[in-house]
Amino acid sequence: TPREEVMKRFLLLLLLAFAMWELQAQIPYFASTAGDGKLYGYTSLKLRPGINTQETYTTFQYGIGNSVALGTDIYTGVGSNYMGFLARYGVSLSKWFNVGAQFTPSFNLSHNFEFGYLTSALYLNGNISRDGSWFWCANTWWGVNSGSNVKNTIDQWLYVGHTCKLRNGDSLTPMLGTLYSWKFNQDADGAAGFYYTHGGYNFYLWGNDFLKDNPRFVVGVDFKF
């Protein structure tokens with residue numbers, strides 16, 4: 001019936017809004033791409049212990065030249081499943097400043113591959129110290145939703161990190177930062193985490209909302225070969 005169809009669309013919009021909100025507080029992203037002829041992959045599990053909000057995110061990106069990468073990603077949440085197709089560009093202007101951008105339309109796998117949302121990102125990062133052990137990273141995310149009842153988002157992540165060299169070429173990199181909306185319509189949030197580098201792999205543990213009843217945690221791994 002028309003009423004049931006309206007309710008279905010309303011529920012889909014709610015799920016989409018939930019998905020776009022939960023995309024916040026992932027690991028930070030850097031301007032560089034996979035590299036010519038190389039494959040980059042990343043997968044993660046996101047959860048809030050004590051409540052049912054499990055999510056997964058997986059992406060594969062293939063480098064075309066040293067500055068361009070094309071790929072796909074899949075996001076799953078409680079009652080939502082989306083697949084995106086991404087194009088990414090990144091260039092190093094100096095060791096102090098790198099810039100990259102990403103463009104990802106995503107489609108609803110649970111609703112006839114209907115267009116769901118468009119995510120655009122600006123990646124900036126660079127060294128703070130000459131040896132690169134201290135560095136900064138900024139990610140700006142612009143989310144455009146297909147539903148007129150779902151607000152678009154524009155969020156900022158800012159991080160400072162320090163790489164600690166370990167034995168056998170491994171390293172540990174803790175990072176500390178803040179997340180906030182450029183609409184300034186909600187409280188800013190702190191975020192912290194680290195990644196451990198071994199060979200061609202990085203292992204991530206991230207989190208935010210530490211002062212709330214159910215903090216959010218992200219565990220993930222990426223590779224490049």
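**Note on the predicted model**

1. Glutamate 55 is buried, with a relative accessible area of 1% (buried means under 20%, exposed over 50% and partly exposed in between, with a 1.4 Å probe and protein chains only). This is a predicted model, in which local features need a pLDDT of at least 70 and side-chain atom pairs count only at pLDDT 80 or more, whereas totals for chains, interfaces and linings use all residues. Residues are numbered from 1 along each chain as its sequence is written, and side-chain values use heavy atoms, with hydrogens and water left out.

2. Glutamate 55 forms a salt bridge with arginine 216, and their closest N and O atoms are 2.9 Å apart (a salt bridge is a side-chain nitrogen of Lys or Arg within 4 Å of a carboxyl oxygen of Asp or Glu). Because glutamate 55 lies in strand S2 and arginine 216 in strand S13, the pair ties together parts that are 161 residues apart in sequence. Arginine 216 is buried as well, with a relative accessible area of 2%.

3. The whole structure holds three salt bridges. Another joins aspartate 209 to arginine 48, with 3.0 Å between the closest N and O atoms. Aspartate 209 lies in the loop between strand S12 (201-208) and strand S13 (216-224), and arginine 48 in the loop between strand S1 (39-47) and strand S2 (55-64), so this pair ties together parts that are 161 residues apart in sequence. Both aspartate 209 and arginine 48 are buried.

4. Aspartate 209 also meets lysine 212 in a salt bridge, at 3.5 Å from N to O.

5. Aromatic pairs number 24 in the structure (rings of Phe, Tyr and Trp, the last by its six-membered ring, with centres within 6.5 Å; planes under 30 degrees apart count as stacked, over 60 as edge-to-face and the rest as tilted). One of them is the tilted pair of tryptophan 141 and tryptophan 157, at 5.3 Å centre to centre and 40 degrees between the planes. Tryptophan 141 lies in strand S7 (residues 134-145) and tryptophan 157 in strand S8 (residues 153-162), so the pair ties together parts that are 16 residues apart in sequence. Both tryptophan 141 and tryptophan 157 are buried. Separately, one aromatic cluster is formed by Tyr42, Tyr57, Tyr159, Tyr195, Tyr204 and Trp206.

6. The protein has one helix and 13 strands (DSSP runs numbered from the N terminus: helices are H or I with at least four residues, strands E with at least two). From the N terminus on, the order of elements is α-β-β-β-β-β-β-β-β-β-β-β-β-β. Of the 225 residues, 44% count as buried. Among contacts with a separation of 6 or more, 45% involve residues 24 or more positions apart (contact means heavy atoms within 4.5 Å). The protein exposes about 12,000 Å², of which carbon and sulfur atoms supply 64% (Shrake-Rupley method, 1.4 Å probe; for residues, only the protein chains shown count as cover).

7. The average pLDDT of the protein is 89, and 88% of the residues score at least 70 (pLDDT is the predictor's confidence in each residue, from 0 to 100). Over residues 6-25, pLDDT stays under 50, and the model has 38 contacts beyond four places in sequence for these residues.
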